[in-house]
Amino acid sequence: MESTPAKNKLFDKAVFKKEIQENVKLLFRKTIDHASQEEIFQAVSLAVKDIIVDEWLATHKTYNETNPKIVYYLSMEFLIGRALGNNLINLRCYKEVSEVLDEMGIDINVVEDQEPDPALGNGGLGRLAACFLDSLSTLGYPAYGCGIRYKYGLFKQKIENGYQIEVPDNWLKNGYPFEIKRAEYKQEIKFGGYVRVVWDEQAHKNRFVQTDYQSVYAVPYDLPIVGYGNNMINTLRIWDAEPIVEFNLESFDKGNYTKAVEQENLAKSIVEVLYPNDSHYSGKELRLKQQYFFVSASIQRAIQKYKELNNNDIHKLYEKVCFQMNDTHPTIAVAELMRILVDEEDLEWDEAWDITTKCCAYTNHTIMAEALEKWPVDLFMRLLPRVYQIVEEINRRFVNQIEERYPNQYNKVKSMAVIYEGQIRMANMAIVGGSSVNGVARLHTEILEKRELKDFYEMMPEKFSNKTNGITQRRFLLHANPLQAEWVTKKIGTDGWITDLSQIKGLEKYADDPTVQKEFMDIKYQNKLRLAKYIKEHNGIDVDPNTIFDVQVKRLHEYKRQLMNILHVMYLYNQLKANPNMDFYPTTFIFGAKAAAGYKRAKETIKLINSVADVVNNDPTINGKLKVVFIENYRVSNAEIIFAASDVSEQISTASKEASGTGNMKFMLNGALTIGTMDGANVEMAEEVGEENMFIFGMSAEEVMAYEANGGYNPYDIYNSDGDLRKVLEQLVDGTYSKEGDLFNEIYTSLLKGTGYDRPDVYFNLKDFRSYAQAQARVNKAYKDRNNWAKMAILNIASVGKFSSDRTIEEYVKDIWHLEKITVNV
Ligand code: NBG
């Protein structure tokens, strides 16, 4: 790969400085010395946008001249994180801008801190979408991210008295400097009403006309996605909703007035808020509205654009357009594209179906049953009457196919039909209506093929493939950890890793070099100081950067087993109390996690973590050997600080449950060692770096699935035989951690007896506990040999190459999207 020019051509220090001053004046009628930090952030961002816009224009000029195939990445979520720093990095003028600001007496870090985190996503799925966009631009592939401009992103988390409190995230409050409204591309989106069949005399066919519907305009806002050092700016297009009828009191009679109010309310509600559920769906009508709203708008606009560039020849749409459906959320795209092709473009069903199946592709991100969306037929039919007819027809034809292929095997219809027992199964529609189905790590894809989607795999194996997830090293090393980034470049003698992460392999030869090991540990120490400062400022807790930083940050979910982690801390605390001089390297256990607002067990777990922290952190008898910190409001911006400072990465999901994980890769990139199960992408990480450089424990996916299928696990056996663990469990209910009495009874019961319809310890916390504790003991022992620890960390960094989202994107391009790179000149 060619190395990129060191500096941005469009950047000029003196001009930039002048622009900041001008912007402050124009935006706020102030001089720079009277501007607030927030105002300076706005002014600087606007100056950066000025550079971006030139490259953005150039990119679209190239699009129009070369008419390339474009991928539309349809996703309900884009967890993009802050843009300013990342844009400067990718424009290659971070250093220069920081110098300019410095000359003006302004600290770039403080300016970056003014930016709200656009939290338009929940967790891994949304962050993956953001990493993919970064890679698409950097690699030079034409792409649009298509999503929703939620007024409120994921809630902000406050911890009060140990409990999670959700606070609205009004990220647009002060205006978002990088977005551009594109009113000229607005689309009408129709809901409800009914379908009238009208005979078209001229065409000699029936037409299906939706009448008495309510509608809104979808109005796009474009956000720039800056490629690294290649002048390429792709677009993240997020749709806002506006009423069709302008609200104007005087000119309305009563009927219009009501209609105007209704439209206004409909528009407002659609884009009001992101559903805060991760890997779990809520079958709410509003959610289906959101899905149809952004999918319909994105497809309508994609088709307009295609027709403009291709002489209105709809027949070859698949040659230039590809819709990637990020999980089941946007899979209504299949039916909506059919509707447009059949009703509006006048194609026959068969041709429309051929085009649709060629254009659409589906990524599955989880096997958790509670995340596979199903919509009740009556709700769907009421909200989208014409689309429903199309779904019915898709289902009718597909069921015929199944019956033809598998005569008298009703089981096949039962598992694969799109509509079944009054529900529309969106995953099934995506598989039938697309050319491709992929999982997000090898193990996950195998489980899809052999179990979850077995019948589909048997019937259409050619559609299935694996695309192991990846992350962008630009944000998660170059921006997040400048010390280590610079060190890597120096060691391997090139910054080529920024656009070709496989080059980081060059570090491997230093793994045994004590000087280099020390350099690594020094950098880690600096990063730990930075995190300690953050924790002090935000939590008021002193943590010692000389302790092991053992970190679990991710959404709170039972299958991710934060509970097992905190049970282990309780166990360690007992050990230390009983034996204060025990051989133990002091450790700080750090957690960060948001729980879905309605997820009771998850919220109890947060309370438990905080309650344990209260007891442990305030017990002088253990001499600060053990600390527990729960970092409030875990999000992309503090994640960057956290990964850089971590020694140990907790990836401890019940095997088979975590489709891939991507945090695991970010830790690895930053030289943390993984304690983990053989789940998701951990399996492939172990393959790259060697199991001896990780701390692997617990049941395999096979074993877990065997217990699930055949039973045979009784947590009471463990309770009865393991005295240490029994003591920990009893401490959940004996007041050790809750003076309020029975706070953790539910958790206790869920582990030993089961609650509701759930069997006890659904996620095998107790079953894996001993194995986990042993792995933890190996970690603790290993850390004492600092040289060897550093060696393992360096080997991890050197082996992370595969996990760049650049590699993932190249695989999507080659196997599914078939895009050509374009070159943008400015
Ligand atoms: C999540 C999985 C993760 C995976 C991300 C990105 C959903 C539905 N799934 O393991 O739980 O890393 O997707 O693929 O959010």
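Trainee: Is C93 buried or exposed?

Mentor: Buried means under 20% relative accessible area, exposed over 50%, and partly exposed in between, with a 1.4 Å probe and protein chains only. C93 has 1% relative accessibility, so C93 counts as buried. C322, at 2% relative accessibility, is buried too. This is a predicted model, where local features need pLDDT of at least 70 and side-chain atom pairs pLDDT 80 or more, while totals for chains, interfaces and linings use all residues. Residues are numbered from 1 along each chain as its sequence is written, and side-chain values use heavy atoms, without hydrogens and water.

Trainee: How many disulfides are there?

Mentor: A disulfide is a pair of cysteine sulfur atoms within 2.5 Å. The count here is 0. For C322, the nearest cysteine sulfur belongs to C359 and is 7.1 Å away.

Trainee: Which residues come nearest to the ligand?

Mentor: A residue is near a molecule if one of its heavy atoms lies within 4 Å of it. There are 15 residues around the ligand, and H365, N469, E658, S660 and G661 come nearest.

Trainee: What polar atoms lie by the oxygen atoms of the ligand?

Mentor: A polar contact is a pair of N or O atoms within 3.5 Å. A polar side-chain atom of H365 is 2.6 Å from a ligand oxygen. For E658, a side-chain N or O atom is 2.6 Å from an oxygen atom of the ligand. S660 has a polar backbone atom 3.0 Å from a ligand oxygen.

Key. A polar contact is a pair of N or O atoms within 3.5 Å; within protein, one must be able to donate a hydrogen and the other to accept it, and residues adjacent in sequence count only if both atoms are side-chain atoms.
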